Amino acid sequence: MCVKNKDANNIICRCEDITREQILKCIADGYRTLDEIKRVTRAGMGPCQGRTCRSLIATELSRAYGVPMEDVLMSTFQPPVKPISLGALADAYME
Amino acid sequence: MLGAKVLLVERDDIPGGQLVKQTHKFFGSEKQYAGDRAIHIAQMLLDNVESNPNIEVWTNSTVLGIYEDGVVTVEHDEKHTKIMPKRVIISTGAAEKFLGFPGNDLPGIYGAGAVQTLMNMNGVKPAERVLMVGAGNIGLIVSYQLKQAGVEVAAVIEGMPTIGGYLVHASKIRRAGIPVLTRHTILEAYGDNKVEGAKIAEIDEKWQPIPGTERDIPCDTICLAVGLSPLTELAWQAGCKMAYIRELSGHVPIVNDDLETTVDGIYCAGDVCGIEEASAAMVEGRLAGINAALSLGYITSEAEELRKNAMDELDELRSGEMGNHIRNGLEKLSGYRT
Amino acid sequence: MLISDGVPTIEDIIKITPSDERFAQGPVAIVECFQEIPCNPCVKACKRGAIAMPNDINDIPVIDPELCNGCSLCVSLCPGLAIFIVDKTYSKEMALVKLPYEYVPVPEASQYVTVLNRAGEVLGDYEVVKVMSGGKVNMTYTISLTVPQELVMEVRDIKVKE
C-alpha cells in the first residue's frame, strides 16, 4: 500500500476518525485550544471522551504555537465521564 | 481496617486494576509483596476486601461525575445513582498513550496493555508476530509475556537513546532473542485492511529519521507502549487544582503530603497522581485510605503508625536512581501548593 | 551497551565475575543486576546472608562469594531473573549452569536444548541435567545444564524444541 498524503492517513482521534491533516488545518485556520478543535471536529467527543486524542492534539498545539505543554489550555471536563443511556438517566435514584 | 465504611466502585467486573493481568513478579521490598506475582497480590488484596464487612464492592459500575456539592454519580446496575460520601479517594489509574503515525488505525494496532488483557485475562493469543513500540517497563514486560504466550516479538523499538524500563527486564527479553532498538521510531504501518508490517528507522538527536536506515518489519500486530496518562477527569470535574508536570506524565491533581487534593475531602492515590510503579501505587492507596479515615475521626495509635510506615515506604521506593524523575516531579508539585 | 540494547558489556560481566580461586571451590551465584532499582528479595532469599544491600533497597546487590555456596535458592526468587549459578568444578571439560526459566514447554532432565547467550545468539545444543519447579506460587523453574567450560559465563537462556 502506498500512502500519498501521510497526514491524511494518520488518525489522531480514533473514535471520531479525525486525521492529523484535519487537526493541522484547524490550527492553520486559527483555532488555539482543545475545546475549539473539539467543537469544530468532534475530536474527543466519542466513546473514549478524548482519552486517546487529547494529549496528541495538545502536542500539535504546543508545537504549532511554540508554547510549552503546560500552557496548552486543557478542555473542560464535565460529567458523565463516559456515554450512558437515557434509560439509565431516567432511572436515576439517590443511594 | 480503621473502622470507616467504604464503598469501592470498580468499572471492571473484577477489582484489582492492572494487577489482575500482571503475571510477573513484583519488585520493591517485602512490605510491597516483592517477589510475588501481581496476580497473586491482587487475589490477596481482593480476599482482604471481601472478608471485611465494612467494605461494599460495586463492580461493573463507573463513577460518572463528582459535583461541586460533593454528590458523586455512578452508573450502577445500569442505573444512574447518586451518592453523598463523606470522603472520596480517586484511584482511577491511567490510560495508555496513543501515537500518531500513518496507518495507525489499521486493525492490529493495540495498546500494549490491551494485548496483555487479551492474553492474560481472556486467554487469547493476540498475534503471531508483534512489533513493540516503547522500551519502558510495560513494553519490555508485555514483550516477555508475548514470548511466554508463544508469540514472536520482531523487535522492541524505542525513540530515546536509552532503555526506560528496568534493565533486568530488557536483558531477559534480549537473551531470549528479541532485539531492543533504541533511537528508533515507527514511520508507518502498512497493510491491506489489517497490519501486515511496519516501516521503522533510526532517528537522530532531533528525532528525525536518518535517511538510509529505514527497515521493513513484517508483523501482524503493533503494540504501543509509549507511556501512560493519569486518568484525571474526575479530579478536574470536582474542581481540584491541577498542574502539568512532565515528570508525572501530564496533568495531575495538586495534593498535599496526605494525598488530599485542594478540594476538602477528596484524596487521590496511584497513577492518577502521576505515573509510577505499581508498588508505589499500592502504598499510596493505603496512605490515602489511612488519611481519609483519620480525617473522619478514626484516630488510633495504630493508624498513626500505619501512616508513618506508608510514608517511609514511599520514600524508600523513590530514593534511588530510578526514583529521580518522580522525586523531581513531586518537588515541582509541592511548588504549586499554597 | 546494557542501557541501550539490554546486553551487559564484557566490562559489566568482569565486575561481577568471581575469582578463579572461588570458581575452583565449587558452585557460586552470579548476580547480573547492574541497575539501582528498588528491589531486595534476593537479600531475603539467601539463608547464608551472602547477598547484601548496604544502604537500602535501591542498592545493587553485593554478593560475598565466600559466604555463597551456590545453593541456587536465589535463582528462582529474583523477580528480575538476573541470578545464575555457575559450577566450574562439574568436570574437566564441562561446567554446570543453573538458570531461571518461565516458558513452555519445560524441558526434562537429559533433554538437549538450544542454549543462548546474553544477546540471544545460539551457542549450540547442550544437555539439561536437572529441572527444579518453583512450585505453584513462585512458578519459576530452575534449569541446570552442562555446557563446555568456556561457555559457562556466556550461556544465559535456553530454547526448548516443541
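Chain C contains five helices and nine strands. The model is predicted. Along the sequence of chain C, the elements run α-α-α-β-α-β-β-β-β-β-β-α-β-β. Chain C has 162 residues, and for that number a compact globule would have a radius of gyration near 15 Å. The radius of chain C is 15 Å, which agrees. Its C-alpha trace spans about 45 × 35 × 35 Å along the principal axes. Of the 162 residues in chain C, 41% count as buried. Contacts between residues at least 6 apart in sequence were also examined in chain C. Of these, 54% join residues at least 24 apart.

Chain B has eight helices and 19 strands. With 338 residues, a compact globule would have a radius of gyration near 20 Å. Chain B has 21 Å, and this agrees. Taken along the principal axes, the C-alpha atoms of chain B fill a box of roughly 65 × 40 × 40 Å. Among contacts in chain B between residues at least 6 apart in sequence, 61% join residues at least 24 apart.

One residue of chain B was followed in detail. Tyr144(B) lies in helix α3 of chain B, which covers residues 137-148. Tyr144(B) counts as buried because 22 other C-beta atoms lie within 10 Å, and the cut-off for burial is 20 or more. Leaving aside residues up to four places away in sequence, Tyr144(B) touches His169(B), Lys172(B) and Ile173(B). Pro209(B) lies elsewhere: Tyr144(B) and Pro209(B) are 65 residues apart in sequence, and their C-alpha atoms are 27 Å apart in space.

The contacts between chains were considered next. Two pairs of chains touch, and the pair with the most contacts is chains B and C. This contact takes 34 residues from chain B and 37 residues from chain C. On the chain B side, α4 (167-175), β11 (180-182) and α7 (301-318) each supply at least two residues. Of the elements of chain B, α4(B) gives the most to this side, with eight residues. By class, the side of chain B that touches chain C has 14 nonpolar, 12 polar and eight charged residues.

Chain B also touches chain A, in a contact that takes 30 residues from chain A and 32 residues from chain B. Four elements of chain A each supply at least two residues of the side that touches chain B: β1 (11-13), α3 (54-65), α4 (86-90) and β3 (93-94). The residues on this side of chain A divide into 17 nonpolar, five polar and eight charged. Chain A and chain C do not touch. Their nearest C-alpha atoms are 26 Å apart.

Within chain A, the packing of helix α1 was examined against two other helices. Helix α1 covers residues 20-28 of chain A, and helix α2 covers residues 34-41. The axes of α1(A) and α2(A) come within 11 Å and cross at roughly 120°. The two helices are therefore oblique to each other. Their crossing is right-handed. From α1(A), Gln22(A), Ile23(A) and Cys26(A) take part in the contact. They meet Ile37(A), Val40(A) and Thr41(A) in α2(A). The contact of α1(A) with α2(A) comprises four nonpolar, two polar and no charged residues.

The axes of α1(A) and α3(A) come within 11 Å and cross at roughly 40°. These helices are therefore oblique to each other. The crossing of α1(A) and α3(A) is right-handed. On the α1(A) side, the contact is made by Ile23(A), Leu24(A) and Ile27(A). On the α3(A) side, Ile57(A), Glu60(A), Leu61(A) and Ala64(A) contribute. The residues of the contact of α1(A) with α3(A) divide into six nonpolar, no polar and one charged. Ile23(A) takes part in the contact of α1(A) with α2(A) and in that of α1(A) with α3(A).

How values were computed
Residues are numbered from 1 along each chain as its sequence is written. Chains are lettered from A and ligands numbered from 1 in the order in which they are written. This is a predicted model: local features need pLDDT of at least 70, side-chain atom pairs count only at pLDDT 80 or more; totals for chains, interfaces and linings use all residues. Axes are lines fitted to C-alpha atoms, for helices over the stretch in contact, and angles run from 0 to 180 degrees between N-to-C directions. Angles under 35 degrees count as roughly parallel, over 145 as roughly antiparallel, 65 to 115 as roughly perpendicular and the rest as oblique. A crossing is left-handed if the near helix is turned anticlockwise from the far one by less than a right angle, and right-handed if clockwise. Two residues are in contact if their C-beta atoms, placed from the backbone, lie within 7 Å. Ala, Val, Leu, Ile, Met, Phe, Trp, Tyr, Cys and Pro count as nonpolar, Asp, Glu, Lys and Arg as charged, and the others, Gly among them, as polar. The radius of gyration is taken over C-alpha atoms; the globule rule is 2.2 Å times the number of residues to the power 0.38. A residue is buried if 20 or more other C-beta atoms lie within 10 Å of its own, exposed if 12 or fewer, and partly exposed in between; C-beta atoms are placed from the backbone.
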